[in-house]
Amino acid sequence: MLDQYVQALQDRVENQTLRSLRSCAPAGNGEIEINGKRLVNFSSNDYLGLSQHPALAERSIEFVKKYGTGSGASRLLSGNLDAFEKIEQKLADLKGAEAALILPSGFQANCTVLAAALAKNSIVAADRLVHRSIIEGLQLSSSNWFRYKHNDLEDLEQQFERKSQGLDQKPETGKPASNSRSKKRRRIQNVSSDLSTESIPKWIVTESVFSMDGDACKIDDLLFSAAKRGFALFIDEAHATGVTGENGMGMTAGKEFSGISMGTFGKALGSFGAYVCCSKLMREYLVNFCSGLIYSTALPPAVLGAIDAALDIVPEMDEERLTLAANAEYLRNALKKMGFDTGGSTTQIIPIILGSEESALALCGYLEENGFCVPAIRPPTVPAGSARLRISLSAVHSLEQIDQFLSLVRSWHEKKN
Ligand SMILES: Cc1ncc(COP(=O)(O)O)c(C=O)c1O
């Protein structure tokens, strides 16, 4: 029985895709120590440096002193510390939403909120590049879902149209495939005829800032298109929360739409956990039907304290957001001048798309030898042929660090060519 695991690991060794954990410790100034070696950290999602902010640490300690180290139970039992609902109200106000609900992690939120909120047989269009946790949420749901070309609203509309007319014979559905072909065909036909009725809920699922490409969805076009056609939206703001939008609370902050925006506290907000913003009705529905909330221990007080403090600080961090955006623009332009492909990046996440896995690994290794931690991201995490280095900048990085990085990339490029 163990053979299958040995074989799977052996395959990874042969394909040079074996993953392993490395021991890390933050070292200040946007640096990190990995296995005892100090590196500039271009691999963290701590976009504002808040994970090291004293105000977050102080509030965490305050909350631990007040509530203890654990919440002790799920929120529906006795884990719903009074701080939760105060923080949720603060969050909803900052986001301009009717209600907010805190969940244990972003992965859990995407998996279980989507599984609960997408009604049986609803039709769901998901951007081709959405995060793994969203795909797993779609798979868990009983919806009929398909993927549209990345950021291509024309493709999205055409695919919805085709499905409505019953022309599409191959819906990509999250439902487990039936063994029987005829059953499958019957189901497809049912979907097609159901689609002609107006009553079926239709959703668009996307990220606002894409985690691997650092480009942004066309938020105003999406909101307009969804409102015009009566679709609901699920927007993952994991990489936008703290970095962009009204109060720094993401691209949907202050915007009215039907559906759910989701975000995390573990990236720019410096701690851990996740939220969804939605209507009061949807919040109540999720409290009753979202397995990730019902069957999981509530976030611990230390984390709640850090979230509470981050929500006080983040709206005031326009200067850091401007620095981050300007540094990202500077780095991106310099890479493009050297001839590198940075894809559609317009944010703090900048890919250097090299294509081949060998090149991505080689540049990653060269940078690490010379003091920079920048992860190589390879298929299947990104589409085949688009292996890359993924730079994620933080407002705490200095221009000096960025220039050092650029001169290393330049020398690697020159040696290679
Ligand atoms: C777009 C996106 N959504 C969700 C998640 C999951 O969030 P968490 O790390 O809080 O589980 C991530 C994590 O990297 C992400 O990149």
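1. His 239 and Tyr 47 are joined by a polar contact between their side chains, at 2.7 Å. A polar contact here is a pair of N or O atoms within 3.5 Å; within protein, one must be able to donate a hydrogen and the other to accept it, and residues adjacent in sequence count only if both atoms are side-chain atoms. This is a predicted model: local features need pLDDT of at least 70, side-chain atom pairs count only at pLDDT 80 or more, and totals for chains, interfaces and linings use all residues. Residues are numbered from 1 along each chain as its sequence is written, and side-chain values use heavy atoms, with hydrogens and water left out.

2. Where does His 239 sit? His 239 is in the loop between strand S8 (232-236) and strand S9 (259-264). Helices (H or I, at least four residues) and strands (E, at least two) are DSSP runs, numbered from the N terminus. His 239 has a relative accessible area of 6%, so it is buried. Buried means under 20% relative accessible area, exposed over 50%, and partly exposed in between (1.4 Å probe, protein chains only). Not counting residues up to four places away in sequence, His 239 touches Asn 45, Tyr 47, Val 209, Ser 211, Lys 267, Gln 348, Ile 349 and Arg 390. Contact means heavy atoms within 4.5 Å.

3. Asn 247 is in the loop between S8 and S9. Its phi is near 60 degrees, a positive value in a residue other than glycine. Asn 247 counts as partly exposed, at 30% relative accessibility.

4. Asn 151 also deserves a look. Phi of Asn 151 is near 60 degrees, positive in a residue other than glycine. Asn 151 lies in the loop between strand S6 (144-148) and H7. With a relative accessible area of 12%, Asn 151 is buried. Most residues other than glycine have a negative phi, and most peptide bonds are trans.

5. Check the Pro-Pro step. The peptide bond from Pro 379 to Pro 380 is cis, with omega near 10 degrees. Pro 380 lies in the loop between strand S13 (376-377) and strand S14 (387-392).

6. Ser 345 is in the loop between helix H13 (318-337) and strand S11 (349-355). Is Ser 345 buried or exposed? Ser 345 is buried, at a relative accessible area of 6%. Its side chain reaches the backbone oxygen of Ile 349 at 2.8 Å. Leaving aside neighbours within four places in sequence, the contacts of Ser 345 are Asp 213, Gly 214, Asp 215, Arg 332, Ile 350 and Pro 351.

7. Leu 311 belongs to helix H12 (residues 301-313). Leu 311 counts as buried, at 2% relative accessibility. Beyond its neighbours within four places in sequence, Leu 311 is in contact with Ile 87, Lys 90, Leu 91, Leu 94, Met 249 and Leu 269. Leu 311 and Phe 265 are 46 residues apart in sequence; their C-alpha atoms are 9.6 Å apart in space.

8. Now the helix pairs. Helix H2 (residues 54-67) packs on helix H4 (residues 82-95) at an angle of about 145 degrees, with the axes 12 Å apart. Axes are lines fitted to C-alpha atoms, for helices over the stretch in contact, and angles run from 0 to 180 degrees between N-to-C directions. H2 supplies Arg 59, Phe 63 and Tyr 67, while H4 supplies Asp 82, Ala 83, Ile 87 and Lys 90.

9. The axes of helix H5 (residues 106-117) and helix H6 (residues 132-140) come within 7 Å and cross at roughly 25 degrees. That makes H5 roughly parallel to H6. Angles under 35 degrees count as roughly parallel, over 145 as roughly antiparallel, 65 to 115 as roughly perpendicular and the rest as oblique. From H5, Phe 107, Asn 110, Cys 111, Leu 114 and Ala 115 meet Arg 132, Ser 133, Ile 134, Glu 136, Gly 137 and Leu 140 in H6.

10. How do helix H7 (residues 153-164) and helix H9 (residues 219-229) cross? Their axes come within 11 Å and cross at roughly 20 degrees. H7 and H9 are therefore roughly parallel to each other. In H7, Leu 153, Leu 156, Glu 157, Phe 160 and Glu 161 meet Asp 221, Leu 222, Ser 225 and Arg 229 of H9.
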